[in-house]
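This report sets out computed features of a single protein chain. The structure under discussion is shown below.

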Amino acid sequence: MATPRLISVRSPRPFGLAGLFRRRPPRDVWDRARRLPGPSAVRRSVAAASGPGIPGSDHYCLELLRKRDYESYLCSLLFPAECRSSVSALRAFNVELAQVKDSVSEKAIGLMRMQFWRKAVEDIYHDNPPHQPVAAELWKAVKRHNLTRRWLMRIIDERVKRIDMEQDKTLSWVQMMSRTISVDLLCLVSVILGVKDLHADHAASHIGKAQGIVTCLRATPYHGSQRKVFLPMDVCVQHGVSQEDFLRRNHDKNVRDVIYDIASQAHLHLKHARSFHRSVPAEAFPAFLQTVTLEDYLKKIQRVDFDIFHPSLQQKNTLLPLSLYIQSWRKRY
């Protein structure tokens, strides 16, 4: 079935400074945002925060996020202090799994690495974590918050499926795959925050789908440099676009229409997730701050008329930390 062309992506609701300052923040919000803990502050707290296990393992997780998933790193810094290290460990675990596919040349090696993590999770639940920083921090998180092993194993299983996949079949397939991974992560983060709520689960489902779609879009230039394309085939066929068009970095209207249709679905899921805003407990909002980073990317790609290869899409938004801080202060996602 053809993907609906959603006008809402062409003109999304205001999100820039005008949208952020509908409510006036405290006068010192700019100074407080600049004082968000950075790598140096994290490094100074390692000795006090590491606890038993591998010294500096908490710092290792934060550094891994900072280098490989900068936006999750920023979001992690805005969690309550008692939850921050556990959330960082969980997201670092996801980064370790996500980078397996792109870091191995043979499927067998990737499967061996996944088997390591499968056994690591089993050992964590037997209080015998491997001597690996992320595993050590994940063990602490499991002990502190009684995290469910089934969700961790499902994340590994879904990552294994992606190792052998040459191209995503349909947009629905992308949403299904991303939903399983992202939603299980959000559910685990909700447990860490002590939140159990049906409305929060519904919001997490839509956020997970949006995140999977945006991740697929953002990775397209890199995958193209590796002679790979993971965009959904059904949308490409609908617009008469081939894999070769993306490998050649074609800027034709048809290529941009493919990106527009895919981005429209991500925007629609964000809109659905925010429709639960008044029903979701405020305690769950830190888990959903990722919506700020997702909308930031969707607005950037809109400004370049859905040219997925535009250089500006690879640049960091220097105002993103402030935007995240203000939304956190406003209890919004």
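## Nonpolar cores

A nonpolar core is a set of buried Ala, Val, Leu, Ile, Met, Phe, Trp, Tyr and Cys residues joined through side-chain atoms within 4.5 Å. Buried means under 20% relative accessible area, exposed over 50%, and partly exposed in between, with a 1.4 Å probe and protein chains only. In soluble globular proteins, nonpolar side chains tend to be buried together.

The largest nonpolar core has 61 residues, among which F93 and F288 touch the most other members. Helix α13 (residues 171–193) supplies the largest share of this core, nine residues. Contact is defined as heavy atoms within 4.5 Å. Setting aside residues up to four places away in sequence, F93 touches W117, V121, V134, L138, L152, I155 and I156. A second, separate core of 30 residues includes L217, A266, Y297 and L298.

## Basis of the model

This is a predicted model, in which local features need pLDDT of at least 70, side-chain atom pairs count only at pLDDT 80 or more, and totals for chains, interfaces and linings use all residues. Residues are numbered from 1 along each chain as its sequence is written, and side-chain values use heavy atoms, with hydrogens and water left out.

## Overall architecture

The chain has 20 helices and zero strands; helices (H or I, at least four residues) and strands (E, at least two) are DSSP runs, numbered from the N terminus. Of its 333 residues, 55% count as buried. Among contacts between residues at least 6 apart in sequence, 75% join residues at least 24 apart.

The accessible surface comes to about 16000 Å², with 52% belonging to carbon and sulfur atoms. These areas come from the Shrake-Rupley method with a 1.4 Å probe, and for residues only the protein chains shown count as cover.

Helix α7 (residues 70–77) contains E71, which is buried at a relative accessible area of 12%. Leaving aside neighbours within four places in sequence, E71 is in contact with R218, Q290, T293 and L320.

L320 is one of the buried residues of α20. Helix α20 (residues 320–329) is largely enclosed by the rest of the structure, because eight of its ten residues are buried. Just after α20, K331 takes a positive phi of about 60°.

## Cysteines

A disulfide is counted as a pair of cysteine sulfur atoms within 2.5 Å, and the count comes to zero. C236 is in no disulfide, the nearest cysteine sulfur, that of C216, being 9.2 Å away. C236 is buried at 5% relative accessibility, and C61 is buried at 1%.
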